[in-house]
Amino acid sequence: MNDMTPIKTAPKDWETDQEVRWCPGCGDYAILKAVQRTMPELGVKPENTVFVSGIGCSSRFPYYMETYGFHTIHGRAPAVATGVKLANPDLDVWIITGDGDALSIGGNHTMHLLRRNLDCQVLLFNNEIYGLTKGQYSPTSRVGTRSPSTPFGSVDRPANPCAFALGAGARFIGRGIDVHKNLPTVLKAAHAHKGASFVEIFQNCIVYNDDVFAPFTEKKGAAENQLWVEHGKPLLYAGGAKGLAFDQETFGLKVVEVVGGEWQAAGVIVHDETKRALAHLLVEMPFGAYPVALGVIFNAPAPTFESAVVEQNLTASKGKKADLQALISEGQTWQVEKEPHII
Amino acid sequence: MATAVHELTPQEASAEPVPEAIVVRFAGDSGDGMQLTGGQFTLATALAGNDLATFPDFPAEIRAPQGTLFGVSAFQINFGSTAVETAGDAPDVLIAMNPAALKTNAPALKPGGLIIADEGEFGPRNLAKAGYEVSPLTDGSLAKWQTLAFNISQLTLDAVKPFGLGNKEALRCKNMWTLGLALWMFDRPRDAIVDWLKAKFAKAPELAEANIAALNAGHAYGETAELGTSIRQHSLSPAPAEPGLYRTVTGAESISMGLVAGAQLAGVDMFFGGYPITPASAILHHLSRLKQFGVTTFQAEDEIAAVASAIGASYAGKLGVTSSSGPGIALKGEAIGLAIMTELPLVIVNSQRGGPSTGLPTKTEQSDLYQAVYGRNGDAPLPVVSARSPADAFECAIEAIRLATQFMTPVMLLTDGYIANAAEPWKVPDVSTFEPFPVQFLEEKPESGFLPYARDAKGARPWVKPGTPGLLHRIGGIEKQQGTGNIDYAPANHQAMTDARKAKVDGIANHIPDQEVTLGETSGKLVVVGWGSTFGPIHQAVRRARAKGRDVSHVHIRHIWPLPKNLAVLLKGFEHILVPEMNTGQLKTVLRDELLVDAKPLNKVSGQPFRIAEIEAAIDAALAGRGGGAVPADDTQLPEPQSGLDPGRNAGHAGHVSPQSA
C-alpha cells in the first residue's frame, strides 16, 4: 500500500459502469471529466482512492468514479472522511460537496475539518442554489435571489466559501470554473498540497440558476473578468493591461492600468501563495469593480491532523504492552481465598 | 461537645436485627469533596472484603453557590457481609457537612439512624441559606435520630496546624478528617488511603501530610473521644465470595475495558468518536489512555461528527464506536440509519439519563429504550443490548462488538448514569476463557464475482477495506440494489432489501443465549421482568419475597432486540408478569407487542433508583391480582436540588455538564 511508484492509468480507468444522471448541460459533467482526466496525472492507484460525499446533486459524484466511494448523509462528508483518514492515513481522500451541504447543514464540520488540517481534497461545487430539492436559495445565493422559498427575493447576505475556509484556518485555497481548461491544474495543486485543500468550483446549474456566473465565466470578456493567479507572477489580467496593486488608504486592493507592460511601475503585486493576508484580499474582491481571482490563491502547508494523531498514538504506546489481563487487573485489588478472611 | 439528643428506645433498638449490611451517606457542599470521600471509603470497604454498592448523587452545576440546597452533593454506599446489589434504601448513618446537606438528606434517614454533623458550619449564614430559622442541632427537630455534632472544621484546623496551610486550604482537609472517623466507625484500614494521598499530592508533600494528619485525627477522635452510647464501632464480616482476584469497577471503566477486550477478540483496532456529555464522557476519558491497545480516540466537533467519524472508520476497516447519552443519541439518529443502510459494524453506547431534552443530566433513568429500538426514520432495525450492573457491562460491551462485527450492523449498548458512576466489586475474569470471534475481511475477488451486498448464511454482507485491489465499490444511504449495492429505487427491490435488513437482525435471536431465570422457578404465579440497572432492587425484592414463601421469579433481559427466542414460552408459564422500569413502561410495550403477553408495568421516573421495598410491595400487590402502577416520587429518598431558586443558571450548559461531574 505504501508503494509510491507512480502507476499508469487512463481517464477511462476512473469511469464506472453507472449511467451518469445529472440534468443535461449540468456543470457537474465537466467537473467529472476534469477529475477523471486529472487522476492519471497524479500517478495514484484507484484502490487507494476514496471519494466521500454528502447530499445534493454534486454528492452523486462517487458513484461515477471507479474508486472506493461513500455517499453519506447531508453535510457529514467531512466527519465521515475524518474517520476514514484516521483509520487508514494511507488512503487518498477526496470530499465532494456543494454550497448547501458544506456551508449550511454541514458548516460546522467543514470548519473543523479545515482547522484540523486533515490531509484531503475538498471540492465544493458552488452553484448558489439547492438543485436536488428543486431550486431553493442557498447560503451562497446573492441578496434578492428569487426561489420557491424566497418568492420576493432572498434578504440574507451570502457566505463567501473561500473567505469562510480561510477564516476556519485552511492552508490551501483554490478556485476554478466547471468548464474551464485550468481546472485540472488547480486539482493537481490541491492534491500535491499535504493537508486540507479547499477548492471552490463555480458550477452552473442549468435548471435552477442558469448563467448566474456567466458575467465572468463566459468566454467573451473572460480576459477582463478572470484573474488566474500564479505564484511568483504579477497579478495581471485583461491581457496584461490591468493589474492589482495595494491600496494603502482602504487597506485593500485596487485596480491599476498597466501601460506598455510596465507592471512594476504601476505597483502591481507579485502573487505570493504563502501570504494569508493577500489570499483574504483576493477572495473578497467584489465582482464588477474587480475581476474574479482564480487558480491557487493560497498554499502554505502545515502539519496534518492525521499525522499528529498517528504520532501521538505511537508515542503514548511506546514501551507499553497491550496486555488486556493486566489492564483489567489494575488498580486496588484484593484476593478472596477459599475461606472468606476476616480483617 | 458531643450532643446525643436522643437515646435509642428499647423498641427502636430491637426493631432491626443485627445488621448484615449498613448504608452510609456522605453529604456536603459540592465543593466539600464528598464524591472523593465516598470513593475512598468504598475502596477501604472493598479492601475489608465487604460486598458493596454505591450511589453517587451530585448536582448538575459544577460549583453551585456554597451552602445552598441545590449545591448539595451526596455519596451513598451500602456494604455488608451478604451479597449487596443495591445502594440501599434508607441510610443508617448520615454525615452532613453543612445545614443544607442535613436538610436535604435527613428525611431519608432510618428512624433511630445516626447523624454526624459539622457544628462549625452551622452558623447563621449557612442556616439561612438552608432555610433554617433555628439550628436543627439545638431545637429538638432531629429527635427521631441520634445526632452527634462537633466542630469538624475546628478539629481539622487543629490537626493540620503544624503544616502551615492557609485557612482555606486547611479546611479542604475536612473531608479526610470525616473519612478518618468513618473508617474508625466501620473498622476499615487506612493504609490504602494514605498511599493514595501520597500519590495524589506527590508534587506537594505538605498537602499530602496535612491530609494524612486530618485522616488520622478523625480516626483518633473516634477511638479516644467519649462519644456516649450513640456512636459505636461496627464490624461487619466480609461477604462470602467466590475465590479469585477482585477489584472495584465503575460501569464507565468496565465498558471501556470491555470494548478493548471485544476489539481484541474480533482482531480489529478500535476507533472511538466521542463528544463530551454527562454521564457518558468517562468512557471517552478512559479509552483516551489506552492507545497501546490500538485504540484511536477522536473528540469530534459534535455528536453527529462523533458517530459519522466512527462510521467512516468502520468503512476503512477499523471498528467504529461512539458513545453518548439520550440527547446526543438523538443527534446521531440519522447517521445510525446510514450505518444500517450501508451495513457497517458500529457500536453506540447510550449512558441513559433523565429526559426528555436536557432533562436530568446527572440523574438516572431507563427512558431511551424506545429510542434504541424504534428511534430512527424508516424501517431501521438494530440489535440492542443492555447492561445490568457495572461488572456486567464488561461482558455486554464484548457482546455488542460480537454482534456488530459478525452481523455487519450497528449495535446499541444501553447503560445508564447509575451504572456509569456506581462502583461495585468485580471478580476479574480470565480473558483467555473468552471465545474469540475474528473478523474476516474480504480481500480477494470470489470466483463467482464480487458483490458488495452478497449475504452470508447470517445475512451479513462482506467487509471490504478501501485499499484492497479488485474490490472497488461504492456505498451510500440511498436504497441499494440487492447484491450489487448500486442505487435502485425499484419497488420490489426496496421490499426485498427492507426484508433482508429485518431478517438479518431478527435472525440474531438464533445466535444469542436463551433467556434464563435469574432467581426462582421457570413457571409459577408471578415473574418480575427487568432490564438494565434495576437488577439490584428487583433481585433483592424477589429474594425477600421468596424468603416469605411467595411464588415469584426474577427474569432479567440482556438482549432487548431481538428478544431471546424462548422468552415468549418462558413468560407465558407465569400467571402474572410485572415489569419494573425507570420509565413509563417501555420494555412493557415491547413485551406486549412482540410476545402478546399481559405484562403489567411498575414505573418510577423520579431520577432515583427503585427501592427494594417498593418492588416488594408491588410483588405482593401483583400476587393479590393488583398488578403494576406507578411508584410515587419520594422527596425523602435522595437529596434533590430545590428547583426554582436559580432559574436559568443551568439552562445554558447543564445539558453538557463538564467532565468534572461525569
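Biologist: How much area is buried between chain B and chain A, in Å²?

Modeller: Happy to start there, and please keep in mind that this is a predicted model. The size of an interface is often given as the accessible area lost when the parts come together. Carbon and sulfur atoms give 66% of that area between chain B and chain A. The total is about 5600 Å².

Biologist: Which element of chain B gives the most to the side that touches chain A?

Modeller: On this interface, 74 residues of chain B are in contact with 61 residues of chain A, and the rule finds 22 residue pairs in polar contact across it. Several elements of chain B each supply at least two residues to that side, including α2 (34-47), α10 (251-266) and β14 (423-427). The element that gives the most, with 8 residues, is α12(B).

Biologist: And how many nonpolar residues does the side of chain B that touches chain A have?

Modeller: That side is made up of 74 residues of chain B in contact with chain A. By class, 12 of them are charged and 17 are polar, while the nonpolar residues number 45.

Biologist: Which residue of chain B meets Glu66(A) in a salt bridge?

Modeller: Side chains of opposite charge can pair when their charged atoms come close. Across the interface of chain B and chain A the rule finds 2 salt bridges. In the one with Glu66(A), N and O lie 3.3 Å apart, and the partner is Arg474(B).

Biologist: Arg247(B) forms a salt bridge with Glu253(B). Why does Glu253(B) count as partly exposed?

Modeller: The closest N and O atoms of this pair are 3.7 Å apart. Buried means under 20% relative accessible area, and Arg247(B) counts as buried because its value is 8%. Glu253(B) counts as partly exposed because its relative accessibility is 22%.

Biologist: How many residues apart in sequence are the parts that Asp392(B) and Arg558(B) tie together?

Modeller: The side chains of Asp392(B) and Arg558(B) meet in a salt bridge, 2.7 Å from N to O. Asp392(B) is buried, with a relative accessible area of 13%, whereas Arg558(B) is partly exposed at 23%. Asp392(B) sits in helix α15 (residues 392-407) and Arg558(B) in the loop between β17 (552-557) and β18 (559-561) of chain B, so the parts they tie together are apart in sequence by 166 residues.

Biologist: Which residues are linked with Arg544(B) in a network of salt bridges?

Modeller: Over all chains, the count of salt bridges comes to 32. Some of them join up into a network in chain B. Linked with Arg544(B) there are Lys548(B), Arg550(B), Glu616(B) and Asp620(B).

Biologist: Last one: what percentage of the residues of chain B count as buried?

Modeller: Chain B has 21 helices and 21 strands. Residues 24 or more positions apart account for 77% of its contacts with a separation of 6 or more. Of the 662 residues of chain B, the share that counts as buried is 63%.

Methods: Residues numbered from 1 in each chain as written. Chains lettered and ligands numbered in written order. Predicted model: local features only at pLDDT ≥ 70, side-chain atom pairs only at ≥ 80, totals over all residues. Heavy atoms only, no water. Helix = DSSP H or I, 4+ residues; strand = E, 2+ residues; numbered from the N terminus. Buried < 20%, exposed > 50% of the residue type's maximum accessible area, 1.4 Å probe, protein only. Contact = heavy atoms within 4.5 Å. Buried area = accessible area lost by both parts, 1.4 Å probe. Salt bridge = Lys/Arg side-chain N within 4 Å of Asp/Glu carboxyl O. Polar contact = N/O pair within 3.5 Å; in protein donor to acceptor, adjacent residues only side chain to side chain. Nonpolar A, V, L, I, M, F, W, Y, C, P; charged D, E, K, R; others polar.
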